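Please look over the sequence and the model shown here before reading on. The briefing that follows takes up strands, helices and whole-chain properties in turn.

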Amino acid sequence: MNELIQLNLSSLTGRKYWRSLNQLADTPEFRQWVEREFPEGASELLDSGSRRTLLKLMAAGFGLAGLTACRRPVEKILPLSKGVEGYVHGRPLHYATAVEACGVATGLVVECNDGRPTKVEGNPRHPYSLGATNAFQQAMILDLYDPDRARQVQKQGVKSSWADFEAWWLEQNTKLGDGSGLRILSPRSTSPTLDALKAEIAKKYPQSVWVEYEPVSFDRVLEGARLAFGQPLQPHYRFDQADVIVALDCDFLGLDTLSAQPVRQFASRRRPEEGRELNRLYAVEANFTVTGAMADHRLRARASDIAAFALALARELNVTGAELNIVNQPAARERKFLAAVAKDLLAHRGRSLVVAGPRQPAEVHALVAVINQALGNTGQTVSYTRPPYQPSDSLAAVQKLAEDLAAGRVSTLFVLGGNPVFTLPATADWAPLFRKTTAVVLAADENETWKAAAWQLPEAHPFESWGDVRALDGTASIRQPQIQPLYGGRSALEIAALIAGRTERRGHDLVRSFWAAQWGAGAETKWKKALYEGVIEGTALPPVDAKADAPRVFAAVQAALKPAPPGVEAVFYPSWHAFDGRFANNAWLHETPDPMTKLVWDNAALLSPATARRLGVKDGDVLEITSGGRQARCPALVLPGHADDSISLQLGFGRSACGRVGRSVGHRVEGLRAASNFWFGPAEVRNTGATYRLVTTQEHHTLVEPITGLKRHNIVEEFTLGEYRHRAEHGKHEPHPATDLFPEFDYSKGYQWAMAIDLSACIGCNACMVACTAENNIPVVGKDQVSKGREMHWIRLDRYFSGEEDDPQAVMQPMACVQCEKAPCESVCPVAATAHSPEGINEMAYNRCVGTRYCLNNCPYKVRRFNFLNWNKDVPEIRKMVFNPDVTVRMRGVMEKCNYCVQRIEEKRSQAKAEGRRPIRDGEIVTACQQACPADAIVFGNINDPESRVSKLKRQARDYSVLEELNTRPRTSYLARVRNPNPELV
Amino acid sequence: MADLALDPRMELNPPLVRGGMTYTDVTAKISSIVEGKPPKQWYIAMAFAVPLALLLFACLGYLVATGIGVWGNNSPVGWGWDITNFVWWIGIGHAGTLISAILFLFRQKWRTSINRAAEAMTLFAVACAAIYPLFHTGRPWRAAYWLFPLPNELLHMWQNFRSPLMWDVFAVSTYGTVSALFWFVGLIPDLATLRDRATTPLRKTIYGLLSLGWRGSATQWRHYELAYLLLAGLSTPLVLSVHSIVSFDFATSLLPGWHTTIFPPYFVAGAVFSGFAMVVTLMTLARWIYGLENLITMKHLENMCKVMLATGMIVGFAYGTEFFIAWYSANQYERFIFLNRAFGPYWWAYWSMIACNVIAPQFFWFRKFRTSIPAMFILSIFINIGMWFERFVIIATSLHRDFLPSSWGYFKPTWVDIGTYAGTFGLFLTLFLLFLRYLPAIAISEVKGVLHQQVSAGHAAHGGSH
Amino acid sequence: MSAFFSKQFDTKLRLAAAAVVVVLGTGGAVAAYLLHPRQLDTGYTPVQPVPYSHKLHAGNLGMDCLYCHTTVAQSNYAAVPMTEICMNCHVRVKEKSPKLQPVRDSYATGKPVEWVKVHRLPDYVYFNHRAHVTAGVSCVSCHGRVDQMTEVRQVQPLSMAWCLDCHRNPAPHVRPPELVTRLDWQPEGDPAMLGARLIREKGIHPPDNCSACHR
Amino acid sequence: MLEAVLSKLGLPGYEPEAARQKFYGVIADFDTPEDLLRAIRTARAAGYTRMEAFSPFPIHGADEALGAPRSPLGRIVIVFALLGLAAAVLLQWWTGAVDYKLIIAGKPLFALEPSVPIMFELAVLLSAFAAVLGMFHLNRIPTYYHPFFNYSRHPGASNDRFLLAIEAQDPKFQPEEAVRFLESCGSRHTEVVEA
């Protein structure tokens with residue numbers, strides 16, 4: 001169904017045309033563009049201002065001024081020649097698929113408009129998606145259309161072809177013999193088909209070595225299990241079953257999980273209305289993560305002190321046979337915290353949960369396993385299965401690889417995806433090593449590894465290629481392509497098949513034949529079902545009944561854990577922008593601010609206010625960090641609530657070989673990483689005296705006014721559980737009936753759309769922001785413009801700190817247009833470009849807007865966004881394919897803002913009418929932000945229906961409107977954040 | 001004719017026309033400006049003004065081509081220098097109409113030798129002001145034809161007449177039109193004078209056509225005077241309404257620091273304040289360039305200084321009231337915004353405003369300053385600066401920190417902002433200099449009227465000496 | 001001496017002024033008329049790659065619109081037919097006709113026939129065929145008597161004002177949905193009466209708020 | 001050709017010979033407003049009725065002396081002021097509450113309060129135009145030819161001279177006698193001015 005593609009560029013400058021992809025590919029411009037070294041256009045608008053020459057543009061501007069379009073441009077309609085099953089022009093198609101990262105797979109549903117994948121949603125049937133997505137999955141669609149992707153098979157940078165490559169391989173593999181010179185380096189994969197191919201390759205080349213490496217891996221979790229249970233096991237947590245959760249350096253709501261499941265489970269226990277007891281989260285961490293922000297109690301500790309804390313906790317709980325001596329004496333505050341946590345845990349045996357982050361050494365994970373076992377949580381809140389992939393000690397393996405390469409023992413090195421030259425530990429200088437052998441690099445973009453390759457092969461995007469994955473619990477899914485490879489790329493699977501010498505080399509055949517073999521009879525129907533549902537039934541792994549030998553573990557732990565040296569440590573985290581570098585060329589993610597720091601288009605060395613004071617460092621000072629004898633430079637950013645003597649560094653920045661979006665954005669810190677300090681280690685920090693401009697989207701970080709020092713209420717409401725209960729009994733306080741000059745407008749009839757956002761559930765993970773960006777064609781403006789306050793996000797996440805600077809609490813508040821019934825923006829617009837729909841939506845008619853910006857000034861929520869420049873001016877054709885055809889692309893000089901995804905409302909309305917004019921059901925219309933939200937914190941619906949979910953939520957005691965006293969009557973109300981503090985700690 | 005200067009009564013109440021000028025002298029003196037070659041200073045001034053005006057067009061061209069992004073405006077500060085300059089120029093414009101209309105109604109004879117130039121100044125200031133609302137949209141061609149309620153078959157859409165911006169459109173365009181009419185009506189008899197003095201056929205034709213065949217017959221004067229009186233009567237409430245309505249742009253919003261009932265009177269006073277300052281600046285210059293000491297006497301200037309002192313006090317009082325109300329309202333946001341003005345990131349703008357608008361005019365308590373040309377020239381410039389800062393403080397500092405701390409920001413102007421503002425000066429000066437060059441800068445017939453009264457008063461004093 | 005302006009000057013001046021006024025006035029009126037969408041936009045009749053005659057197919061042969069425009073009731077778009085659909089008949093009918101060469105080529109190569117778009121809306125306008133057709137608005141209301149056109153011509157201005165006219169007074173344009181493709185259909189009696197009844201029964205109320213069409 | 005048509009219509013400047021006035025009248029020239037006023041009074045006493053005075057600035061008492069009626073301009077302006085008000089109300093009510101009922105900030109489709117500014121402005125605008133154009137009409141300007149301009153010293157009237165004309169339409173008009181009479185009033189220079 002993917003031959004056909006329509007570029008329906010709903011832009012005010014107006015260009016619509018049909019094209020079959022093949023045709024598009026045939027056009028000389030496209031070819032030429034595909035083959036050009038550095039295509040123009042793309043993200044040029046990111047280097048702001050530059051390219052604009054005055055005269056040219058005066059001409060342009062005045063051209064527009066004479067605007068009466070007399071002659072109409074001839075437009076072609078190019079219908080299909082032959083029909084495509086199930087395809088109706090103008091109606092989107094949805095296909096289930098699945099993607100994986102770092103060995104964690106999630107099921108997705110991709111929306112295709114006329115053959116263009118345009119939007120990613122979660123697959124409700126998939127246990128790790130549950131219909132939700134995270135920011136990265138939402139942003140993947142942009143990478144698909146990235147004009148800077150690898151586009152051409154090359155040999156040492158010279159244009160070549162797949163045919164040439166295959167020919168080369170056919171005579172090369174004859175020389176490999178037993179494969180002792182063959183090495184294959186790939187990212188962590190859960191693909192059963194690939195596993196099968198690996199086996200074949202191992203058989204064909206017994207001496208060959210296949211190394212799997214991830215810069216952000218969960219190996220230590222499995223290693224810990226091996227230590228505890230004697231075999232590597234994958235823990236599965238049931239956050240929805242736990243009343244008390246202790247997270248040890250574990251950002252399980254944020255970047256230490258790659259699926260929506262834990263968030264959904266955790267959030268389900270933060271809603272006091274739902275009867276179930278509110279859970280209580282203790283976080284012990286160095287960096288201030290979103291998990292820390294959700295915690296009821298948070299202890300700041302260096303990552304290197306977590307082990308000691310775990311030991312102390314084990315002892316405090318006096319886990320059987322635990323004659324443990326604490327490695328270093330905890331401080332008073334810490335002891336109090338320990339005692340309270342231990343008490344709480346013991347009070348909730350079997351209903352509590354202790355988790356440790358992937359950065360922590362295996363010993364800590366083993367210890368945690370034992371603690372959970374002792375608390376009777378095993379089998380209740382935590383269970384174990386075999387991991388969905390073959391675990392291996394990557395670090396040792398890559399170390400060996402380095403030696404082999406250095407010793408010239410490698411004749412052929414296949415790199416099947418990823419960007420190892422950039423991400424591998426800095427123990428070796430990889431690029432030259434790669435050049436010493438014949439490196440065949442399959443890469444998504446022309447990255448550092450690509451540059452070091454002998455054969456350069458473009459990799460197909462996950463949405464372009466067939467494959468299969470297994471989720472953490474083993475549930476398998478088929479990955480089906482949404483579109484033909486735009487640049488003729490191939491998948492790792494296909495290359496592996498080539499290596500294995502398979503005759504069938506098309507991804508589809510490989511995957512299908514593998515599963516056909518598994519299924520035997522009825523494979524055909526099973527296959528269809530698998531594709532349709534996006535999950536393959538009965539593939540989940542059975543839980544393993546694991547029993548840990550506590551004394552042995554303690555012995556090992558005791559032996560392994562040395563007291564952490566005092567002084568500064570450097571800790572490595574994946575970043576919210578580039579993750580580990582794989583999204584470095586993704587403008588949507590770069591522009592979406594880090595949830596805690598609100599930093600965009602950069603990474604930074606995060607440190608605590610105290611440490612900053614001690615080092616005499618302020619925001620933007622460039623630090624020189626020395627760790628493990630290696631050095632890196634990174635600008636400092638002070639983060640309240642960060643642990644002292646700890647510096648958090650985000651991976652994936654400072655890519656030297658990258659597309660134009662990500663090239664030299666941020667600072668590379670991978671150069672510090674070695675096996676010894678792969679996640680954290682002691683470091684020296686020096687202020688170089690140089691400064692660097694960091695741009696954040698939020699300049700004032702608390703609700704406390706400067707000058708007066710007063711706190712602003714009616715913006716974010718927070719209760720402790722006690723306060724909430726009291727309020728619930730005495731009912732929610734109704735606002736004083738405001739006296740109006742004019743009679744009320746009657747909103748009692750028809751659908752009245754409204755939204756409720758639960759601040760107790762919202763973890764501030766940015767998924768809604770990116771989803772909104774994708775759904776509503778929101779432009780990217782770049783670092784410079786963001787620094788001018790011109791970012792365009794329709795929904796933003798306001799993050800407020802409260803409490804003392806060194807150890808504050810944080811709360812996230814998603815803020816989009818709240819659709820005031822008495823909208824201040826409407827009354828001031830001179831041309832009525834923003835008016836109200838009878839259903840209570842504050843509408844923006846872009847084509848009417850003249851751009852006075854008066855509405856922006858008069859909006860107390862500052863949710864209106866203005867196109868100060870033509871952000872879509874330089875968007876290249878290919879990149880336009882991501883546009884949502886149901887939403888106008890705005891031109892400059894036009895105001896825009898959230899409209900509750902009115903295009904989705906209208907779509908469902910006309911559908912309902914077509915189906916015999918039935919009423920629209922509650923929950924039938926889902927806004928983009930709501931659909932993406934892993935915490936299910938956003939609910940949209942009709943408040944004229946008292947039974948609708950949103951009506952029920954608005955009746956809750958903790959429902960309130962932001963800036964209620966302004967009497968703007970927002971349709972979006974918020975449910976107050978409820979915290980569940982431990983009485984012993986307050 | 002008796003030498004008026006000798007008359008003791010004249011000394012007590014110094015004459016508005018000095019140097020014993022006769023009707024012919026008055027005609028000759030004023031017409032000579034138009035008829036003779038302009039002095040060197042005029043060319044120097046033009047050499048300064050015209051390039052600036054060109055800079056304005058360059059900046060606007062760049063803006064139109066590229067978008068409003070070339071200015072410093074951002075979110076939350078949606079209005080920056082653009083609307084600041086708009087309000088400032090409109091304010092400047094007020095003195096003209098005030099002098100011609102209100103002083104006329106109050107029978108203030110001393111207005112006669114300055115009203116013409118002041119009215120011209122009004123027109124040119126309004127022209128400069130109008131540029132901003134039109135161009136701050138970045139797409140003036142849309143603003144231009146969508147801000148006026150023209151029946152439109154294509155769209156069937158109408159304006160939103162609840163919007164203060166719509167009121168602005170009507171107020172400013174009405175004000176511009178009426179001022180222009182007022183100014184032209186005043187010019188007619190003087191154009192007739194120029195016509196009658198004209199020597200070349202070209203001048204005869206041009207001034208002839210412009211003066212509409214004015215004969216100065218008793219009948220014509222009768223209707224003329226009534227028309228002029230009516231225009232004065234209409235302009236008076238109009239001039240008050242214009243800045244009131246401009247202030248509604250802010251007063252009717254819900255933004256702390258904007259949402260204030262005191263704005264209309266306070267804006268009008270401020271407008272008059274800045275307007276007179278600008279008149280003094282220009283008049284002292286014109287007086288110097290063309291040696292009009294006998295027509296623009298110290299009495300004229302001193303009176304204007306007094307007006308500046310008075311309005312300056314009103315403005316200062318308004319600043320105080322704002323703070324008091326903010327405190328008295330017990331509204332957290334109000335309180336903060338005003339403290340933020342004085343002690344926030346824009347403190348420098350606030351205190352410059354206070355220094356220029358409240359402190360500077362206090363010098364006018366002293367006759368020495370009221371009668372010293374350099375002093376009043378410098379002070380008037382200070383006041384113009386101060387009034388610009390007032391508008392900037394109201395607009396930028398209220399916007400940059402409003403309700404939600406998450407969306408607070410800061411405004412920085414770009415070179416295009418600065419160029420555009422400087423450019424409007426160029427346009428203003430160019431127009432004003434052309435006016436001086438080609439039209440009678442002082443109302444000839446009115447001055448003669450005043451002179452006539454002096455003369456008859458003189459006769460009365462000499463008590464039937466003949 | 002005598003007056004500078006001659007005795008006749010005023011008369012001449014006034015006549016000249018009058019002339020200018022008359023010329024500008026008429027010019028403006030004419031322009032206003034011509035630029036009105038009803039004149040400016042209607043009557044657009046581009047030449048199509050294939051001289052397909054709706055008059056022949058829909059009129060004389062009486063084929064239903066839906067035979068070719070299959071998706072009109074399911075989608076925003078009414079879908080210009082695929083070559084396949086033409087070939088359903090033209091494999092047998094007129095299979096040699098040179099006029100149909102482009103169609104046969106398209107069918108052979110899979111490359112589309114490049115039809116020229118006649119009814120064009122701006123890109124910020126979202127018109128939904130499904131919504132209108134299922135509500136009982138006939139094709140004829142917007143496209144006119146296509147069954148009488150040899151070449152398709154735009155007969156309505158398709159301006160916002162024109163859309164609004166119908167959205168505010170839909171009665172004359174509403175008919176039983178099953179009859180929407182009967183372009184020549186006339187109800188007995190006043191169509192507005194019938195329309196009004198259907199509107200009441202089905203609770204049709206066309207929106208005239210912005211996002212009904214602009215998103 | 002055109003000439004013929006015009007003279008048939010008898011438009012100003014094209015009257016047929018017969019209809020043409022020979023004289024405009026006699027114009028005299030005085031030094032001061034006071035002299036002029038004195039002359040007017042004497043002339044009226046002498047029974048002259050059709051007179052016109054010319055001066056560089058309005059002379060108070062001149063029109064009374066000439067016996068001119070009160071100017072009707074005021075009434076014209078009032079009418080137009082009211083028209084402006086009405087137009088403003090209609091415009092805002094019809095566009096907002098009749099032609100396109102847009103819901104704006106939940107406010108009524110039409111209310112008087114927000115309509116006041118535009119009502120005021122339109123009233124002022126129309127009355128200003130009425131005042132100016134009305135004055136033009138009453139003064140018959142622009143009219144570029146007037147016999148007065150045939151008077152050799154007419155430029156004085158816009159400088160420092162004060163002129164008095166006895167017009168030919170005056171029933172008592174006799175060129176020589178009028179000249180003699182005005183000389184006797186102290187005219188510096190008296191001329192018979194042809195039409």
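## A covered strand in chain D

Both faces of strand β3 of chain D are covered, since D:Phe162, D:Leu164 and D:Ile166 on one side and D:Leu163, D:Ala165 and D:Glu167 on the other are all buried, where buried means under 20% relative accessible area, exposed means over 50%, and partly exposed lies in between, with a 1.4 Å probe and protein chains only. The model is predicted, so local features need pLDDT of at least 70 and side-chain atom pairs count only at pLDDT 80 or more, whereas totals for chains, interfaces and linings use all residues. Residues are numbered from 1 along each chain as its sequence is written, chains are lettered from A and ligands numbered from 1 in the order in which they are written, and side-chain values use heavy atoms, with hydrogens and water left out.

**Strand β3 of chain D and its partners**

- Strand β3 of chain D covers residues 162-167, and six of its six residues are buried, so the strand is largely enclosed by the rest of the structure; helices (H or I, at least four residues) and strands (E, at least two) are DSSP runs, numbered from the N terminus.
- Strand β1 of chain D (residues 23-30) runs antiparallel to β3(D) and is joined to it by six bridges, and in this pairing D:Asp29 stands opposite D:Leu163; two strands are said to pair if DSSP finds at least two bridges between them.
- Strand β2 of chain D (residues 51-54) also pairs with β3(D), in the antiparallel sense and over four bridges, with D:Glu52 placed opposite D:Ala165.
- Strands of a sheet pair through backbone hydrogen bonds, either parallel or antiparallel.

**A sheet in chain A**

- Chain A contains an open sheet of four strands in the order β39-β32-β41-β40, with mixed pairing.
- Strands β39 (938-942) and β40 (959-960) of chain A stand at the edges with a single partner strand each, so one side of each is left without a neighbour in the sheet.
- Strand β32 (residues 753-758) and strand β41 (residues 972-975) of chain A run parallel and are joined by four bridges, and A:Met755 stands opposite A:Thr972 in β41(A).

**A buried helix in chain A**

- Helix α17 of chain A (residues 492-500) is mostly covered, with nine of its nine residues buried.
- Just after α17(A), A:Gly501 takes a positive phi of about 75 degrees.

**D:Leu91 and its surroundings**

- D:Leu91 is found in helix α4 of chain D, which covers residues 73-99, and the residue is partly exposed, with a relative accessible area of 21%.
- Leaving aside neighbours within four places in sequence, D:Leu91 is in contact with B:Pro149, B:Phe161 and B:Phe170, contact meaning heavy atoms within 4.5 Å.
- D:Leu91 and D:Met119 are 28 residues apart in sequence, and their C-alpha atoms are 9.6 Å apart in space.

**Chain D as a whole**

- Chain D has six helices and four strands, which run α-β-α-β-α-α-α-β-α-β from the N terminus on.
- The radius of gyration of chain D is 25 Å, whereas a compact globule of 195 residues would have a value near 16 Å; the radius is taken over C-alpha atoms, and the globule rule is 2.2 Å times the number of residues to the power 0.38.
- The C-alpha trace of chain D spans about 80 × 50 × 30 Å along its principal axes, and 52% of the 195 residues count as buried.
- Among contacts in chain D between residues at least 6 apart in sequence, 77% join residues at least 24 apart.

**Chain C as a whole**

- Chain C has ten helices and one strand, in the pattern α-α-α-α-α-α-β-α-α-α-α along the sequence.
- Chain C has a radius of gyration of 25 Å, while a compact globule of 215 residues would have one near 17 Å.
- Along its principal axes the C-alpha trace of chain C spans about 100 × 50 × 35 Å, and buried residues make up 39% of the 215 residues.
- Residues 24 or more positions apart account for 67% of the contacts in chain C with a separation of 6 or more.
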